[in-house]
Amino acid sequence: MRVSLKVSGMTCVNCARAIEISLKKLKGVRRVDVSFELGRVLVDLDEELLSIEQIGRVIESLGYKVERIEGKKRSLEILLFCWFVSLAIMALMFLHIPLSLYTQALLASAVQLIGGYSFYKGAINSIRVRVGNMDLLVVLGSTSALLYSFLSLFGFLPGEPFFETSAFLITFVKTGKFLEEWVKSKALKGLRDLFSLQTIRLKVLKDGKEMEKSPLEVFVGDTLLLRSGDMVAVDCRVLEGSLEVDESLISGESLPVRKSVGDKLISGSVVISGFVKARVEKTFSSSYANLLVRLVEETLSKKPRVHRLADRFSHYFVQFVLLLSVFTFLFWYASTGDLQKAVNFSLAVLVISCPCAFGIAVPLALTVGLLKAYKRGVLIKDPSALEKEIDILLLDKTGTLTEGKPKLIDLKLYDSSALSVACGLAGASNHPYSQSIRDFCRSKGLQGENFENCKEEAGVGVICGDYMLGRSEEGVALYRNGTKLAEFYFEDSIRPEAKKVVDFLLSKGIRVYMLTGDKEDKAGMVAKELGIERFFAKAKPEDKLRRVEELKGEGYKVGLVGDGINDAPAMAQADLSFAIGSGADMAKRTGDVVLLKGLEGLKEFFNIKRSTMRRIRENLFWAFLYNFMFIPIAGGLLYSKGIYLKPEYAGLMMALSSLSVVLNSIRK
């Protein structure tokens, strides 16, 4: 059984790692994928050994919350409280009133308990599972500052107490996290809306009465009432009326589509205008929209190589900072004998270091890139596709470079019953040639013969008993026991955007080759018109696979664009594969990337690939540069020149560092 839980309270990838480690220890858990970006935990479990409730209890025992109840309002109230109290402490520092220091101590303790509560939960959990995170650093820094101030206040240690340090440290970090979450939630709003699809209410007609149900309560055969503004949550077909729908969630195309009696309504589309009664054809769990949710969840659970490296670095970075902080304290205390100075420098090192900048540098940029791609009609099923470089891109001709809807322009019959037989065989296949023959038969009013136990072989044709409808030298032919009964001739037009896409790929230094099952002369004409230097004609599925293997054997990185069905073996072998497909038949498709809007999606993919990887490199560079430059300053390297950082200002800089990574990830 696979369950998906929404979890709040994760502040960085190390929190996600803590949940993953804890759940993997449970007997009955087969696999765990934790998405810090979406606040999602996916668990494959054995129902006989473990329940969903037990999974939830384990997560909540770590200090996180399953199905978030707390909202931003409470977080904002706590943040405002921290700011008010911290400013009050600062005011008391300049007002020499009786019991000023004791009042500061009381207020600082309130900030530590109320504002720092979430940090303490995260720190305790990180210690429990032995995975250091940002919460641990903040807790160590703020608690040490508060403890030192109390010991100074009561005369156990020399020096002056600095209660403002712990208070402002908590306040600055909470401010940064609040802004980070706010900006991130804005960036991911579209993706979160997708996951909330199952929470909408549908109008169902039952015994002549209209009632509301959730998508999970609607079954095949139920009648839906759809009006302007409604979202189609399950796949259905129009029974009465007509309307216009926005299918941009499905195809990336924002132009409205008109639907009338008999037309299919795909889940995920939105009614712009009109009213219909529609019959449910698929339950929510098997509808397109839910398929899309599962695909996106699976995509976000996969981590490309750069993501895994950043996670690993973030984990060990916390341990390095803790050791460095101890070393800084010992160095300054041994060299100066000034305990307050040693404490200040060691605290500054603790809180200025920012593992979160490393932790969110990759996943946030990656998530924003995936969302941007989907909005432009490109579904990236494997995020590692963004890391891959290719030298050669093989483009399938039919359905990729051409419309894929060949029109029957001529035929020759060698038997009087051949056309009726061909119409019957064509009804057993969804191949573009078969669809064209069916359209022709329908236009002539021919029903076609009925056949049973038909089978379709990729690259061969449709076989029904002694008959076979398959490829011939000139087009498609009908055979009976090897004897040709009829020939059919087709014409397919080149896609309008094909030339621009080929030119774009060539401008990026990618060689473009064409694969096709057509003859040399037809293939040559298309290749010449599109400016493709090399093509392979008469290629069956096994030939396409062999071409990919040969080119890879020559040392090239090979990409392949195909229809995702007949080309599946070759696509699986390619370094990077693209499937041309509409949203409606996406479930049948294979490949790393599905081009929902068609061939033009290639341009979008390579542009988004470039911008996303640039954002990731920029984020990692900034995170590295920030820590490389400011940790030594926090440790007192430039103290002799009068340059140093108080712990609370170090905390502010740490918060701003994470925020800068977030802003860079979501900028256009």
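Which residues does serine 434 touch, not counting residues up to four places away in sequence? View 1 has the answer.

**View 1. Serine 434 sits in helix α16 (residues 432-444).** This is a predicted model, in which local features need pLDDT of at least 70, side-chain atom pairs count only at pLDDT 80 or more, and totals for chains, interfaces and linings use all residues. Residues are numbered from 1 along each chain as its sequence is written, and side-chain values use heavy atoms, leaving out hydrogens and water. Leaving aside residues up to four places away in sequence, serine 434 touches Ala426, Ser429, Val462 and Leu469; contact means heavy atoms within 4.5 Å. Its side chain also makes a polar contact with the side chain of serine 429, at 3.3 Å. A polar contact is a pair of N or O atoms within 3.5 Å; within protein, one must be able to donate a hydrogen and the other to accept it, and residues adjacent in sequence count only if both atoms are side-chain atoms. Serine 434 counts as buried, because its relative accessibility is 5% (buried means under 20% relative accessible area, exposed over 50%, partly exposed in between, with a 1.4 Å probe and protein chains only).

**View 2. Six strands form an open, antiparallel sheet in the order β14-β19-β18-β17-β16-β15.** Helices (H or I, at least four residues) and strands (E, at least two) are DSSP runs, numbered from the N terminus; two strands pair if DSSP finds at least two bridges between them. At the edges, β14 (407-413) and β15 (455-457) each pair on one side only.

**View 3. β15 meets strand β16 (residues 461-464) in an antiparallel pairing over three bridges.** Here, glutamate 457 has glycine 461 of β16 as its bridge partner.
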